[in-house]
Amino acid sequence: MPPRSKGAVLPAILIRVSQIWAENLSKRYPVALKEPGFVGTLQHFFRRRYRHVEAVRQVSFRIEPGEVVGFLGPNGAGKTTTLKLLSGLIHPSEGRVEVAGHEPFRREYTFLRKITLVMGNKQQLIWDLPAAESFRVNAAVYEIPEAEFRRRVGELSEMLGLTDKLHQPVRKLSLGERMKAELLAALLHHPQVLFLDEPTLGLDVNAQVAVREFLLEYNRRYRATILLTSHYMADITALCERVLVIHQGRLFYDGALSGLLERFAPYREVYLKLAVPMEQDRLERYGELRSLEGREARLLIQREQLVARVSQLLGELPLDDLEVREPALEEVIGKVFATGQA
Ligand SMILES: Nc1ncnc2c1ncn2[C@@H]1O[C@H](COP(=O)(O)OP(=O)(O)OP(=O)(O)O)[C@@H](O)[C@H]1O
């Protein structure tokens, strides 16, 4: 191919490339089998036997630049394993994966500059040093010039409301402040792709809201792509229009959060304030009675029966109030996982 002359015009067609791309991605972990007792220990020493845990099975998806996607699943579903595969900490057993144009497991420096992985239960800041000192280590690793380093720390600490906490030892920070400082450290190199594993774990409601707002603002300012796991559904509803749901290593839903409710919750929740106390069986005629406490009751009613049942309730029962609500996402997800429905 002839060398491109100076000032040559690039092809006008822009190809939209997925920022994260996984195809039939699988991960099997070998787990050593060991019989109990002394004989078992000896056998294990001379002739190890293994079984395999299928942590991730044939998972395929694409995420476009700037998307914020929630990654849901019960404990042990394979979320952390998938994030480790995407960030290159572990090698896939099968399948293909590409993140920001790189094969993650090669761990090229140019790749590492484009991504970050934050795990709510792990910390990178040094406990006895002020966070500002740990940031300097990251600045050196990522070769961030001094002036730019100062600008970024200033900008991110202001966005996080952390400006006056950077110079006290990390061990003296509250959990929420520490998590914010962890995020600052993880974003100092301005990664394009953020893998966040339970970033609000253990935080109180105010700190959770602050972290969420920060992530939204970071995504808006830098058009960063975010894949996020959280057991707090408020995080998911506040941040993600799209969710991936994984169960026993298999991806069984990839789509809009609202679609998840429609597909897996074909019912609405009807809240009743009864004018007089009532027996359980009187309410059970109208739907699945979820709770009855004093004069307050919650019923689940199939969507297609909703109008008929609500007019029956209004006509037949003495009520002070009636409200139709979307079911709580936690409840829907819990039901899906409990029944293994996919
Ligand atoms: N290093 C490992 N060796 C063997 N098995 C592992 C290893 N890491 C994870 N597993 C197993 O792989 C499966 C998936 O684990 P993973 O940590 O990915 O789940 P998760 O969805 O992140 O769960 P949680 O919500 O509890 O963090 C589990 O059965 C787990 O026990």
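Residues are numbered from 1 along each chain as its sequence is written. Because this is a predicted model, local features need pLDDT of at least 70 and side-chain atom pairs count only at pLDDT 80 or more, while totals for chains, interfaces and linings use all residues.

**View 1. The whole chain.** Let's start with the parts list: the protein chain has twelve helices and 13 strands. Both are DSSP runs numbered from the N terminus (helices: H or I, at least four residues; strands: E, at least two). The chain's radius of gyration is 25 Å, well over the 20 Å that the globule rule gives for 342 residues, so the chain is more spread out than a compact globule. That radius is taken over C-alpha atoms, and the rule is 2.2 Å times the number of residues to the power 0.38. Along the principal axes, the C-alpha atoms fill a box of roughly 80 × 60 × 55 Å.

**View 2. The annotated span.** An unreviewed UniProt entry carries the annotation "domain: ABC transporter" for residues 40–273. Such annotations may be inferred rather than shown by experiment; positions follow the numbering used here, and feature names are shortened. This span is 39% helix and 26% strand, and its end C-alpha atoms lie 62 Å apart.

**View 3. Helix α4 beside helix α6.** The axes of α4 (residues 131–141) and α6 (residues 175–187) come within 9 Å and cross at roughly 20 degrees. Axes here are lines fitted to C-alpha atoms, for helices over the stretch in contact, with angles from 0 to 180 degrees between N-to-C directions. That angle makes α4 roughly parallel to α6 (under 35 degrees counts as roughly parallel, over 145 as roughly antiparallel, 65 to 115 as roughly perpendicular and the rest as oblique). On the α4 side, Ala-131, Ser-134, Phe-135 and Asn-138 make the contact, and on the α6 side Ala-181, Leu-184 and Ala-185 do (contact means C-beta atoms, placed from the backbone, within 7 Å).

**View 4. Helix α6 beside helix α7.** Here α6 and α7 (residues 205–222) have axes that come within 10 Å and cross at roughly 15 degrees. That makes α6 roughly parallel to α7. Gly-176, Met-179, Lys-180, Leu-183 and Leu-187 of α6 touch Ala-207, Val-211, Phe-214 and Tyr-218 of α7.

**View 5. Helix α5 across helix α6.** The axes of α5 (residues 146–160) and α6 come within 10 Å, crossing at roughly 145 degrees. Look for Leu-156, Ser-157 and Leu-160 in α5, which meet Lys-180, Leu-183, Leu-184 and Leu-187 in α6.

Definitions and conventions
Contact = placed C-beta atoms within 7 Å.
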